[in-house]
Amino acid sequence: VPDLPLGFNILFAGNLGESQGLESVILAISKLKQFAHINLILVGDGRAKSDLIDLVEELGLTLNVKFYGKFPIECMTAFFTKADCLLISLRDEPIFSLTVPAKLQAYMSAGKPILGMLNGEGNKLIIDSKSGLVVNAGDYTGLSQNMIRLFQMDETNRQLFGKNGKDYYDKFFSSKICFER
């Protein structure tokens, strides 16, 4: 797994498709030009990748938004460990409100703070677990404000978000718990 750039690294891992609403994430980063040390790291591939690269170039964000390409699932833990926080986003569509994305459970198990921009069950889970900061799908202004809040937060509070997520995962989602249920 390659090193991440110096600074505060927000990691998105997974499909770079239309459903993820990543253009709104790029717009959130574009509002942070005065925070040169906040980086968005995108690990994965998908149909929207070339459009996202074009948007990053158009907005002059190539120093702060990095595309790392696709890696095997076994590498994700190493990426999660190196990141300062983990990002989950989905488009504003009713179908995405009904379930908790598996990615959110993986993020919680990593014990890192979570930044979310999604509706429904995933949004509620981040709030209920106290595992991070979340806004509704498409709210890139709110997401940019949460990026700043998390960046400026002291390490103890960031670690508490991560611990809360891990504890919640262990209590409700670990394979042992799910098997027993």
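Is alanine 106 buried, partly exposed or exposed? Alanine 106 is partly exposed, at a relative accessible area of 33%, where buried means under 20% relative accessible area, exposed over 50%, and partly exposed in between (1.4 Å probe, protein chains only). The model is predicted: local features need pLDDT of at least 70, side-chain atom pairs count only at pLDDT 80 or more, and totals for chains, interfaces and linings use all residues. Residues are numbered from 1 along each chain as its sequence is written, and side-chain values use heavy atoms, with hydrogens and water left out.

**View 1**
Alanine 106 is found in helix H4; helices (H or I, at least four residues) and strands (E, at least two) are DSSP runs, numbered from the N terminus. The C-alpha atoms of alanine 106 and aspartate 3 are separated by 21 Å, and the two residues are 103 residues apart along the chain. The buried residues in H4 are Leu104, Tyr107 and Met108. Seen down the helix axis, these buried residues fall within an arc of 100°, so they line one face of H4; the arc is that of the directions from the helix axis to the C-beta atoms. An α-helix has 3.6 residues a turn, so residues three or four places apart point the same way. The cover over the buried residues of H4 includes strand S1 (8-13), helix H3 (76-82), strand S4 (85-89), strand S5 (114-117), H5 and H7, with contact meaning heavy atoms within 4.5 Å. Glycine 111, which follows H4, has a positive phi near 70°.

**View 1. Packing of H4 against H7.**
Helix H4 (residues 102-109) and helix H7 (residues 155-172) pack at an angle of about 115°, and their axes are 7 Å apart. Axes are lines fitted to C-alpha atoms, for helices over the stretch in contact, and angles run from 0 to 180 degrees between N-to-C directions. On the H4 side the contact is made by Gln105, Met108 and Ser109, which meet Gly165, Lys166, Tyr168 and Tyr169 in H7. These residues divide into 3 nonpolar, 3 polar and 1 charged; Ala, Val, Leu, Ile, Met, Phe, Trp, Tyr, Cys and Pro count as nonpolar, Asp, Glu, Lys and Arg as charged, and the others, Gly among them, as polar.

**View 2. The open parallel sheet.**
The sheet is open and has 6 strands in the order S3-S2-S1-S4-S5-S6, with parallel pairing; two strands pair if DSSP finds at least two bridges between them. Strand S3 (65-69) and S6 are the edge strands, and each pairs on one side only. Direction ignored, neighbouring strands of this sheet are turned by 20° against each other on average. H1 packs on the sheet and touches S1, strand S2 (38-43), S3, S4 and S5, its direction making about 160° with that of S2.

**View 3. Strand S1 and its two partners.**
In S1, 6 of its 6 residues are buried. Phe8, Ile10 and Phe12 lie on one side of S1, and Asn9, Leu11 and Ala13 on the other. S1 is joined to S2 by 6 bridges, and the two run parallel; leucine 11 stands opposite isoleucine 41 in S2. S1 and S4 also pair in the parallel sense, over 2 bridges, and isoleucine 10 has cysteine 85 in S4 as its bridge partner.

S5 and S6 run parallel and are joined by 4 bridges, with leucine 115 opposite leucine 133 in S6. Both faces of S6 are covered: Gly132 and Val134 are buried on one side, Leu133 and Val135 on the other. Lysine 130 lies in the loop between helix H5 (120-129) and strand S6 (132-135). Lysine 130 is exposed, with a relative accessible area of 55%. Its phi is positive, about 55°, although lysine 130 is not a glycine.

**View 4. Two buried loop residues.**
Glutamine 20 sits in the loop between S1 and helix H1 (22-30) and counts as buried at 11% relative accessibility. Apart from neighbours within four places in sequence, glutamine 20 is in contact with Phe12, Asn15, Ser89, Leu90 and Arg91. Phenylalanine 173, in the loop between H7 and helix H8 (175-180), is buried with a relative accessible area of 18%.
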